[in-house]
2 protein chains.
Amino acid sequence: MKAFDRIDRRTEDPYSSRTGSETRLVERLDPVVWGSAEGPLSPEEVQRFDSDGFFVKERLFSESEVAEMMTELERLPNLYDESAQEVVIEPGTGIIRSIFRVHRTSALFEKISKDLRLVDTARQVLGSDVYIHQSRVNFKGAFDGRAFRWHSDFETWHVEDGMPRMRALSASILLTDNTPVNGPLMLIRGSHWHYVRCPGRTPNEHYKESLRDQRYGVPPKEALAQLVDRGELVQALGPKGSVLFFDCNAMHGSTGNMSPFARHNVFMVFNSTQNTLQSPFCGLPPRPSFLAERDIG
Amino acid sequence: MKAFDRIDRRTEDPYSSRTGSETRLVERLDPVVWGSAEGPLSPEEVQRFDSDGFFVKERLFSESEVAEMMTELERLPNLYDESAQEVVIEPGTGIIRSIFRVHRTSALFEKISKDLRLVDTARQVLGSDVYIHQSRVNFKGAFDGRAFRWHSDFETWHVEDGMPRMRALSASILLTDNTPVNGPLMLIRGSHWHYVRCPGRTPNEHYKESLRDQRYGVPPKEALAQLVDRGELVQALGPKGSVLFFDCNAMHGSTGNMSPFARHNVFMVFNSTQNTLQSPFCGLPPRPSFLAERDIG
C-alpha cells in the first residue's frame, strides 16, 4: 500500500475505489459538518461529531417508544412478500439478518423516519434539507449473531449507488441495550476524515452477496491499521432508546454476538438533498431502490 | 431442558455428560476453594475466586518477562515437527491457532509452569500439591482472530480425559493487552457453581475436530441463558502481563477479533495431585498426553 496520498482534485472521481489499482488512504475533500445551522445539537456535540465522526445521544427515544418499535419488528416480516429482496436471510439458517426500506412498509417506521429528533439533527449537520437514502432494521440475534466486516458505507454508496459526495449520515436507534458483550458497533474514531480506495472490482449484482457478507469495499488490514493508528477503535455503547449518529464515511464493523442478549437496531440514513444520486461510479447498473432511494419525492 | 436438578449422589458419575440424555443444569458437588492454605492470595481474593470463579491479577509478570515470552512465541513452532498434532492449524488459512504442551518443549515455558506466582496460587486454591494437566499458547490474530464457543473446560476434561472431580484451575497469562475490542475471554460469573450436562455423544477422536471448532460439550442456549440469569456475563480484561485465574468449570468463550490488536495468551492448567486422571468417562480411549497429562512425574 502506498503512503497517505492527497487526492488530485483534477481527477474525474475523487472517491474512486475498486478500480483495480492498489489500496490507498486519501484525504476527505468534503466537510463533515456543513455550515452552522441551528438544531438539537449543542456546539460541543457538533464539534464532537466533526472530530470523531459519530456520537451517541443517550435515551433519545423513551422506553415505551422502544417497546412499540420492538413489537413492530415482530410484525415486520409479514409486510413483505416471501421472496422480497428487502428481507435478507442468512444462508443455511433461514434467520432474518436485515429488512430494508422499513420507512415505506411500516407506518411506525415511516413516522420514525420523519421524527424531528433525527431529521433536525441530520439537517443541522448536513446544512440542508435531507431525505431518507436507505432505511433498515438489523437483527443481531443472541448467541449466534453474525459479524459485520469493517467498511465505510459511503464507499459502497458512492461506487455502487452513485452518491457523489460525503454529505450523508446514519442514525442508528438502539432497540436493545448495546453493551461490550453483545456485538455492538465498533467505529474508528477520526476515520471519516480519510477515504480508503479499496482493491478489486465490483462484480455485477454484488449486493445480492454483499448484504450477507461483504467482500468488495472491505479495506485491507494495512489501511485499517493506519486508521486506528491515527484514531482509536471504540465501541458505540448505550442503553436502548439511544441513537448513534455517524458520518457516512466513518469506518465501522461489529463482531459476532455470543451473549444471550439480542442486539437489534433501526437505521435511518439521511442524505442531503444537495447530494442526490447519480449513475453508480463503478459503471454498473444502479442497485434497487430499497438499497438506495432515487425518488426523493 | 429440565429445570435445575440436584445430582443424585448415588449415581456412578455425578458429572456425566454427552450420554444422549437431555441437557441439565446440576449443582457442583465439589468445593471451589479446597481448604484454607496460605498463599499469595489475600482472603478477599480467595473469596472472590470462590464466588465468581475467576479473577485477574494485574501485571503479575513484568514487561520484560512478557517481551521474553513474546519472543519465545515466534520461536515456538520450530520446536515441533511439521506434522505435530500439538500445533493446531486453522483449516484453509494455515494460521496457527494453538500450540500445546509448551511446558515440555520450551525451556522458558517450563520455567513459567513452575513459577511460584502461579504454582503457589494454584496450591492455595486447590489445597494440595499440583501438577500441569495441560499447557498451551492460544494465538488470536489481529483482524481475523477466530471465536471460541462457550464451554466449561472441566466438562471435556471429565468426559474425554477422565478428570474425576472439579479440582483444577487455569492460569492465563495475557501476553497482549486484553481490551473490550480484541476478543477477550468472556466468563459467566458464578457459572462454576453449576454443571451443564451437554447433549450428544462424543465421537471417537473428537479432539481432532474440537481443537479447531468445538461441537460436543457446548451447552445449549437455554443452559447458557440460565447461567447468565443466575450470574453475569463479563469480559476478563487487563494489561499484558496480567494473569487470569479461572476455575476448571467456569463457563467461558470469546468472540472473534476484528481489531488490529492481536491477543495471545499462555495457559497453564494446574490440577490437584489428589485428582489425577482415570479412564475417560465417555468410555473412549484417552486423548493424547499433549492434551491431558497422565505422567505426573
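I began with a pair in chain A: the side chains of Glu160(A) and Arg18(A) form a salt bridge, with N to O at 2.7 Å. Glu160(A) belongs to helix H6 (residues 153-161) and Arg18(A) to the segment before strand S1 (24-27), so this pair ties together parts 142 residues apart in sequence. I recorded the criterion: a side-chain nitrogen of Lys or Arg within 4 Å of a carboxyl oxygen of Asp or Glu. Helices (H or I, at least four residues) and strands (E, at least two) are DSSP runs numbered from the N terminus.

The model is predicted; local features need pLDDT of at least 70, side-chain atom pairs count only at pLDDT 80 or more, and totals for chains, interfaces and linings use all residues. Residues are numbered from 1 along each chain as its sequence is written, chains are lettered from A and ligands numbered from 1 in the order in which they are written, and side-chain values use heavy atoms, without hydrogens and water.

I looked up the accessibility of both partners. Glu160(A) is buried at 4% relative accessibility, and Arg18(A) is buried with a relative accessible area of 4%. Here buried means under 20% relative accessible area, exposed over 50%, and partly exposed in between (1.4 Å probe, protein chains only).

I then turned to Asp52(A), which forms a salt bridge with Arg189(A), the closest N and O atoms being 3.0 Å apart. Asp52(A) is in helix H1 (residues 43-52) and Arg189(A) in strand S8 (residues 186-189), 137 residues apart. Asp52(A) is buried at 11%, whereas Arg189(A) is partly exposed at 27%.

A further salt bridge joins Glu65(A) and Arg117(A), with closest N and O atoms 2.7 Å apart. Glu65(A) lies in helix H2 (residues 63-75) and Arg117(A) in helix H5 (residues 116-126), so the pair ties together parts 52 residues apart in sequence. Glu65(A) is partly exposed at 23%, and Arg117(A) is partly exposed at 27%.

I also found that salt bridges with shared partners join Arg18(A), Glu155(A), Glu160(A), Asp161(A) and Arg287(A) into one network. Over all chains, I noted 44 salt bridges.

**Entry: Tyr131(A)**

I located Tyr131(A) in strand S5 (residues 130-140) of chain A; Tyr131(A) is buried, at 8% relative accessibility. Leaving aside neighbours within four places in sequence, I listed its contacts (heavy atoms within 4.5 Å); among them are Val269(A), Phe270(A), Leu277(A), Glu293(A) and Ile296(A).

**Entry: chain B against chain A**

I superposed the copies by least squares on the C-alpha atoms of residues with pLDDT of at least 70 in both. Chain B falls on chain A with an RMSD of 0.0 Å, by a turn of 180° and a shift of 0.0 Å along the axis. The two copies are thus related as by a two-fold rotation axis. The same surface serves both, since 100% of the contact residues of chain B recur in chain A.

At the interface, 23 residues of chain B contact 23 residues of chain A. About 1,700 Å² is buried between the chains, 78% of it on carbon and sulfur atoms; this is the accessible area (1.4 Å probe) that two parts lose on being put together, summed over both. Phe143(B), Val181(B) and Met258(B) supply 36% of the area that chain B buries against chain A, more than any other three residues.

I counted two salt bridges between the chains. Asp144(B) forms a salt bridge with Lys221(A), the closest N and O atoms being 3.2 Å apart.
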